[in-house]
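Reader: I am new to this structure. Please pick one part, take me through it closely, and then set it in its surroundings.

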Amino acid sequence: MSGRREERELQGFLRDVDEVAALIEGLKSADPAIQEKAMEDTEKRLRSVSEKDGKKAKPKADRTVVNTRPSTGLPSQEETMAESFLTALEKDAQERARRRKDNEASANALKEKGNDAFSQGDYASAVQNYTEGLKKQKDMLALYTNRAQAYIKLRKYEKAIYDCSWALRCDEKCTKALFHMGKAYLAKKSFHQARECYLKILEIDPQKEKLCKDCINEIDLEEKRLHEEEEASEDRKSGKLAAVAVNEMLQKLGKPDQDPLYYAGGIRLLTDLVQAGTEQTLFRTNDGFSIISDNKVIERVLSAKINSPAELELACSLLLLWQAVCKGNEENQRLLLTHPSVNAQLPALLCSEAPKVQEECMALLSLYAETEHGRILLIRHLNTTKWLQTLISLVKVADSRAASAMNLLTHLILEENFKIQCRIKLSTETLPIFIQLLSSSKALNETVLVRCIAIMGDLCSDVVIRVQMSENQECWQACLSFVNHCWNEKSVTRYPECLYAILGLMMNLSLEPNSIVEELAEEICDTCMSLFSSPDGRIITRAVGLLNHILPASLRALEEAVRQNVVRKMIRFLKAGGQTTTDYAMKVLATCAKNSRLAVMQLVKLDKKCRLLLKLLSWPNEVVAGNAAFCLEKCLEVPGTATTLLDTDVVRILLRATTRGGQRPLVQKNAAIALGKLCSADARHTSRLRELNGMAALTASISKMPGL
């Protein structure tokens, strides 16, 4: 028996030796994943040994057997060797942990050094530092992604993809690695693989939707560009007439020192040739944009004031050519705006004193502004800071430039970055022009003016712009004067569309309460009240909406409005219905009821038995229903009101509003308060509540309401 036991112990010892040797080999591996696995297994083995030692220390039952071999009292050779191996292994693990900590510090230092080199444009040095860092710590994720980015700058795309693959082995959800891998694949024209990278990012992090959308759009544009150029190359090789003609015409335009009319005529002919995508691409691939900077006559006309009909014809011809080559062609659009001469001169052409040049320049810019991609190009590559005031100033011209300017602005304000640029010159340059337009006695094109006012209203969605305009007293005065110019209650409304637009602008401005709004509140309220007799329901709705914004700003204005029977007018609008008007009118009524006892008395008198308010409690809009409950609560503070409601179903209606679930906390809270005041004012309502078994339901509902 003892011989077999010794054999088992020996075999166990040998297995331990093999396992320890395997662990040591794993720790020496160059593969970070294998090395990490070996470290985990080592820690498990050390814990296992500790647990066994603990178990050995526990007392055991006496199972003495006769030992035929004499005992020396010393550990066996096998036990000594095993313990020595494990002790050495533990020391090795500790030493490795220390070295790893030191290596990590060195790797971080090299990473920072590489980042500094990258930021200075020294990409080769950056790669060298990142590589040295990886020698210190092979599993540092940032070193792989940073080196990949540097490789992309050096156009070593395969190496960049390799590094990104290693980063993804370290962390399969590393979006930075996928981003750089996508860029590298795009540079290699591997469009499918590039798209897969960004779709994977979107799968990992849906918050990066815009980033992925922009990257995929970039891939689509590059793939389209490549396809267009392949087709154009085939047409040129096959001798297609249009392809040959474009090339020949560009060569003729390259002839130096000719009369401006020579170039104008040639450009017109070239424009006629460029009528399809293939010709647009041939223009680009034959270096067509070089005629801007390589031709001194053309360059002079663009950069200086136009002094002759020939120069005017040349400038207009060039703008028409650009329209032709850029229409629907994103790559040509990009190349044109990034051309140094165009980048510098296009804004100047927009301000040209020659109406025809200005018109064609706006036509070109509108071509860009019609698409999101084009708008982004305009704002990214051109200084649009002064465009708002330039285009608004064109409202007063009598030709088609006014409509073109408003069309261009309508598209540009869709971009938040354009609004940000508009902030810079708004107070000093744009607002004075706009105020002058509103104050002008000269007859303006109503359609154009309406669009101009609407654009200014849309710009107010930017808080900074809204504050600037709202704090400008001259702007408010101009708006009020313009309303009076458009409307006189003794006559027919003039410029109804302009009146509707200016009320919308004033509603937006009144979202920012300030001392100027408070100072002008009474005048604004009087203006709104006068508009209630308009036959145009849209104007009435906006007048009520403006009044709703203004009344909370001034108690004096509110009291004057109550004296002018605003409560009666709001009740009339509420009875007429209309979703938006009802919303505004109910807010006005609630504001009056909150701040004026007279308004509450008028409401009780005008709304017999609160029939209208009770009806509005079931309105689908929570704000309307909640304000109706609030007004009812105020009415119940008037002595005798609760008693007049005894023959109505007010208790059931309020109980239903209080206990009904759903997303109507405002209604529930105000209805509960109203029900409480109702029962307090007349005990017979309490009896009715008990009859409906509503006490328990009411108590349970109130306990769940915050603030009650």
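Author: Start with a pair of helices: helix 31 and helix 34 run roughly parallel to each other, a label for angles under 35 degrees, while over 145 counts as roughly antiparallel, 65 to 115 as roughly perpendicular and the rest as oblique. Helices here are DSSP runs of H or I with at least four residues, strands are runs of E with at least two, and both are numbered from the N terminus. The model is predicted, so local features need pLDDT of at least 70 and side-chain atom pairs pLDDT 80 or more, while totals for chains, interfaces and linings use all residues. Residues are numbered from 1 along each chain as its sequence is written, and side-chain values use heavy atoms, leaving out hydrogens and water.

Now the numbers for this pair. Helix 31 covers residues 579–595. Helix 34 covers residues 622–635. They pack at an angle of about 30°, and their axes are 9 Å apart. Axes are lines fitted to C-alpha atoms, for helices over the stretch in contact, and angles run from 0 to 180 degrees between N-to-C directions. Helix 31 passes helix 34 in a left-handed crossing. Left-handed means that the near helix is turned anticlockwise from the far one by less than a right angle; clockwise would be right-handed.

Which residues meet? On the helix 31 side they are T582, D583, M586, K587, L589, A590, A593 and K594. On the helix 34 side they are V623, V624, N627, A628, F630, C631 and K634. By class, this contact has nine nonpolar, two polar and four charged residues. Nonpolar covers Ala, Val, Leu, Ile, Met, Phe, Trp, Tyr, Cys and Pro; charged covers Asp, Glu, Lys and Arg; the others, Gly among them, are polar.

Zoom in on N627, which sits in helix 34. Is it buried or exposed? N627 is buried, because its relative accessible area is 15%. The cut-offs are under 20% for buried, over 50% for exposed and in between for partly exposed, with a 1.4 Å probe and protein chains only. Set aside its neighbours within four places in sequence, and N627 contacts M586, K587 and A590. Contact means heavy atoms within 4.5 Å. M586, K587 and A590 belong to the helix 31 side of the pair.

Helix 31 has another partner, helix 32, at residues 597–606. Here the angle is about 120° and the axes are 5 Å apart. Helix 31 and helix 32 are therefore oblique to each other. The crossing is again left-handed. L589, C592, A593 and N595 of helix 31 meet R597, A599, V600 and L603 of helix 32. That contact divides into six nonpolar residues, one polar and one charged.

Helix 32 in turn packs with helix 30, at residues 566–576. Their axes come within 9 Å and cross at roughly 45°. That makes helix 30 and helix 32 oblique to each other. This crossing is right-handed. V567, R568 and I571 of helix 30 make the contact with A599, Q602, L603 and L606 of helix 32. Its residues are five nonpolar, one polar and one charged.

Step back to the chain. It has 39 helices and zero strands. Of its 708 residues, 46% are buried. Take the contacts with a separation of 6 or more: residues 24 or more positions apart account for 70% of them.

R401 is in helix 21, residues 401–412. R401 counts as buried, at 12% relative accessibility. Beyond four places in sequence, R401 touches P355, Q358, E359, M362 and L394. M695 is in helix 39, residues 694–703. At 35% relative accessibility, M695 is partly exposed. The C-alpha atoms of M695 and L655 are 9.4 Å apart, though the two residues are 40 apart along the chain.

K189, between helix 7 (175–187) and helix 8 (191–204), has phi near 65°. D257, between helix 10 (241–253) and helix 11 (260–273), has phi of about 60°. K189 is partly exposed at 36%, whereas D257 is exposed at 66%.
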